[in-house]
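Hi,

Here is the structure I promised to pass on. Have a look at it first, and my notes follow below.

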Amino acid sequence: MGIQFKNVSHEYLSIGRSDNAISNINLNIEKEGEFIAILGHTGAGKSTLVQHMNALMYPTSGIVTVFGQDLPPKKRERVNHLRRKVGLVFQFPEYQLFENTIIEDISFGPKNFKETKEHALENAKKAAKQVGLDESMYDKSPFRISGGQMRRVAVAGILAMDPSILVLDEPTRGLDPRGRDEMMEIFNNIHENENKTIVLISHDMDIVSKYAKRMIVLKEGKIVFDGCKEDLFNHKDFDSFNLDLPTPLKMMKYLSKKLNIEYKELYTLDELTSYLKEVKL
Ligand SMILES: Nc1ncnc2c1ncn2[C@@H]1O[C@H](COP(=O)(O)OP(=O)(O)OP(=O)(O)O)[C@@H](O)[C@H]1O
Ligand SMILES: [Mg+2]
């Protein structure tokens, strides 16, 4: 099951544009256990790609299969239930908050999927706890809290639907370093404790190299790389992917030349620091 793309292209219908935002995408995403990063320069097609994963967009050509259901759907086939199975957190999700209180906002999703009020509230409380929102926040307005807290409320609203796959479009953009780390820990805990598949769009190579296991690189709407991070950073065409190297790798490259020490592939600053403490100069 999970999600499959077969020769998928999407063309936005607008005047003066005829090329595809994504073209000829072939992809298989397992229903559990994956942590995938979607990478690529601005305009590469990342957001377009992931909006096909929960039926927000349909292919112009090709077929996307989400938990066994083909998209575009046949006449009268419903797709709403797929939005529950594949939870999508948009870029700047806090713009979509709208209820009077935080807890009402978080329980909107489950209520909308015809959960009983009690069950929806139970799910909302569990999700609020997962993102670190204290009970004292429940009755506050979602518009009178900090930007970072708003982001948590929006994420909790998706988690409250208990999706099988979680798709995150730049979830840490605009957060300070601590907020960023806390947010990533929330997703990583969900991935590790519940074995859920996470699909993460990010421009932040430090985050990506720390958490993701599989990397998919888009360039001008096409997949130019799909594999593990070690293979990505050593790829002969890496420079053409328009990506940065993660900071620890960049430092390692520089230091190995400057200090003439053995080059090691280290993806976190902690690993790099430990290595530098041990190494003999
Ligand atoms: N609603 C739209 N109408 C027309 N063209 C669009 C629309 N949304 C996106 N595009 C175009 O499709 C291409 C892919 O856009 P997309 O938003 O998927 O890129 P992205 O990789 O998510 O970029 P970013 O990193 O800036 O978020 C771009 O050329 C963009 O201009
Ligand atoms: Mg985008």
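Where is Gln-4 placed? Gln-4 belongs to strand β1, residues 3-10 (helices, H or I with at least four residues, and strands, E with at least two, are DSSP runs numbered from the N terminus). With a relative accessibility of 19%, Gln-4 counts as buried (buried is under 20% relative accessible area, exposed is over 50%, and partly exposed is in between, with a 1.4 Å probe and protein chains only). A polar atom of the Gln-4 side chain is 2.6 Å from the backbone oxygen of Met-1 (a polar contact is a pair of N or O atoms within 3.5 Å; within protein, one must be able to donate a hydrogen and the other to accept it, and residues adjacent in sequence count only if both atoms are side-chain atoms).

Some ground rules: this is a predicted model, where local features need pLDDT of at least 70 and side-chain atom pairs pLDDT 80 or more, while totals for chains, interfaces and linings use all residues. Residues are numbered from 1 along each chain as its sequence is written, chains are lettered from A and ligands numbered from 1 in the order in which they are written, and side-chain values use heavy atoms, with hydrogens and water left out.

Now the ligand. Ligand 1 is surrounded by 14 residues, and the closest are Thr-42, Gly-43, Lys-46, Ser-47 and Thr-48 (near means that a heavy atom of the residue lies within 4 Å). By class, that shell has eight polar, three nonpolar and three charged residues (Ala, Val, Leu, Ile, Met, Phe, Trp, Tyr, Cys and Pro count as nonpolar, Asp, Glu, Lys and Arg as charged, and the others, Gly among them, as polar). An N or O atom in the side chain of Thr-42 is 2.4 Å from an oxygen atom of ligand 1. On the backbone side, a polar atom of Gly-45 is 3.0 Å from a ligand 1 oxygen, and an N or O atom of Ala-44 is 3.2 Å from one. The protein covers 65% of the 640 Å² of accessible area that ligand 1 has on its own (Shrake-Rupley method, 1.4 Å probe).

Thr-42 sits in the loop between β3 (35-39) and α1 (46-51). Why does Thr-42 count as exposed? Because its relative accessibility is 60%.

The largest pocket has about 500 Å³ of space (on a 1 Å grid over the protein atoms alone, a pocket is an open set of points where a 1.4 Å probe fits, with protein on both sides within 12 Å along at least five of seven lines; lining residues have an atom within 4 Å of a point). It is lined by 20 residues, and Leu-88, Gln-96, Phe-108, Ile-158 and Met-161 are the closest to its centre. The lining of the largest pocket divides into 13 nonpolar, five polar and two charged residues.

The second largest pocket holds about 240 Å³. Its lining has five charged, four nonpolar and one polar residue, and α7 gives the most, with three residues.

Finally, some backbone geometry to check. Leu-71 and Pro-72 are joined by a cis peptide bond, with omega about 0°. Pro-72 lies in the loop between β5 (69-71) and α2 (80-85), and Arg-76 is found in the loop between β5 and α2 too. Arg-76 has a positive phi near 70° and is exposed at 82% relative accessibility. Asn-24, in strand β2 (residues 22-29), has a positive phi of about 50° although it is not a glycine.

Cheers

Terms used: Points joined across faces, edges and corners; volume = space filled by probe spheres on them.
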